[in-house]
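User: I would like to learn how to read a few features of a protein model. Please take me through them one at a time.

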Amino acid sequence: MRRTDRHPAPVKGVNPLWHMYRTISFFKVAKNFVVIQIGRYTPFLSVKRWLYQTFLGMKIGEKTALALMVVPDTMFPERIRIGRNSIIGFNTTLLAHEYLTDEYRLGDVIIGDNVMIGANTTILPGVEIGDGATVSAASLVNRDIPPGSLAGGNPVRIIYTAEQLKERKRTPRQH
């Protein structure tokens, strides 16, 4: 289950995205957009990490790599926390908010240490990905991923738990 805070639409009968600047400052969104666009094309991982930590308030661990075109949440990037030595693959989207027709939701995105997220993955708000987990490319992460597991798909499902992966490495494969 995702952990999100639910907020009703500020104007009854009108979707909350229409009134998003009652939720968040236009200037904050504009600043975040510019910083994210610069970061998306920055090939220097340390510069990208510095930009996102300094100007967006994201928590990003040492030696974590955000590949080209990664898109952190434009409205609430400060709700994203990524551990040490993790890789966020090309064109991945990290969302900390979602607007629905009758409410909007906010949730923290927590990615542990030594996590590998494949390219073109979307991570929804309120999700935690445990230390050492791997998420395959093109996945929709709509639930928590346990530490050390291999997960993938749309919607994401656990392919192997940490225990199953250890067993697979111990057992010789038959060809």
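User: Leaving aside its neighbours within four places in sequence, which residues is Asp113 in contact with?

Analyst: This is a predicted model. Beyond its sequence neighbours, Asp113 is in contact with Gly83, Arg84, Ser86, Asp131 and Gly132. Asp113 itself lies in the loop between strand S10 (109-111) and strand S11 (116-117).

User: Is Asp113 buried or exposed?

Analyst: Asp113 has a relative accessibility of 18%. The cut-off for buried is under 20%, so Asp113 counts as buried.

User: Which backbone atom does the side chain of Asp113 reach?

Analyst: The Asp113 side chain reaches the backbone nitrogen of Arg84, at 2.7 Å.

User: How do I read the packing of two helices, and what is the case for H1 and H2?

Analyst: A packed pair of helices is described by two quantities, the angle between the axes and the distance between them. Here helix H1 (residues 26-41) and helix H2 (residues 45-56) have axes that come within 9 Å and cross at roughly 175°. An angle over 145 degrees counts as roughly antiparallel, and H1 and H2 are therefore roughly antiparallel to each other.

User: Which residues of H1 and H2 meet?

Analyst: From H1 the residues are Lys31, Asn32, Val35, Ile36, Ile38, Gly39 and Arg40. They meet Lys48, Leu51, Tyr52, Phe55 and Leu56 of H2. By type, the residues of this contact divide into seven nonpolar, two polar and three charged.

User: Now the sheets. What is the order of the four strands in the open sheet with parallel pairing?

Analyst: In general, strands of a sheet pair through backbone hydrogen bonds, and the pairing is either parallel or antiparallel. In this case the order is S4-S7-S12-S15.

User: What is the order of the six strands in the open sheet with mixed pairing?

Analyst: That order is S3-S6-S11-S14-S16-S17. Its edge strands, strand S3 (65-66) and strand S17 (157-160), each pair on one side only. Inside the order, strand S6 (residues 87-88) is joined to S11 by two bridges, and the two run parallel. The bridge partner of Ile87 in S11 is Met116.

User: Which strands does helix H3 touch?

Analyst: Helix H3 (residues 162-170) packs on this sheet and touches strand S16 (150-152) and S17. The direction of H3 makes about 25° with that of S17.

Terms used: Residues are numbered from 1 along each chain as its sequence is written. This is a predicted model: local features need pLDDT of at least 70, side-chain atom pairs count only at pLDDT 80 or more; totals for chains, interfaces and linings use all residues. Side-chain values use heavy atoms; hydrogens and water are left out. Axes are lines fitted to C-alpha atoms, for helices over the stretch in contact, and angles run from 0 to 180 degrees between N-to-C directions. Angles under 35 degrees count as roughly parallel, over 145 as roughly antiparallel, 65 to 115 as roughly perpendicular and the rest as oblique. Contact means heavy atoms within 4.5 Å. Ala, Val, Leu, Ile, Met, Phe, Trp, Tyr, Cys and Pro count as nonpolar, Asp, Glu, Lys and Arg as charged, and the others, Gly among them, as polar. Two strands pair if DSSP finds at least two bridges between them. Buried means under 20% relative accessible area, exposed over 50%, partly exposed in between (1.4 Å probe, protein chains only). A polar contact is a pair of N or O atoms within 3.5 Å; within protein, one must be able to donate a hydrogen and the other to accept it, and residues adjacent in sequence count only if both atoms are side-chain atoms.
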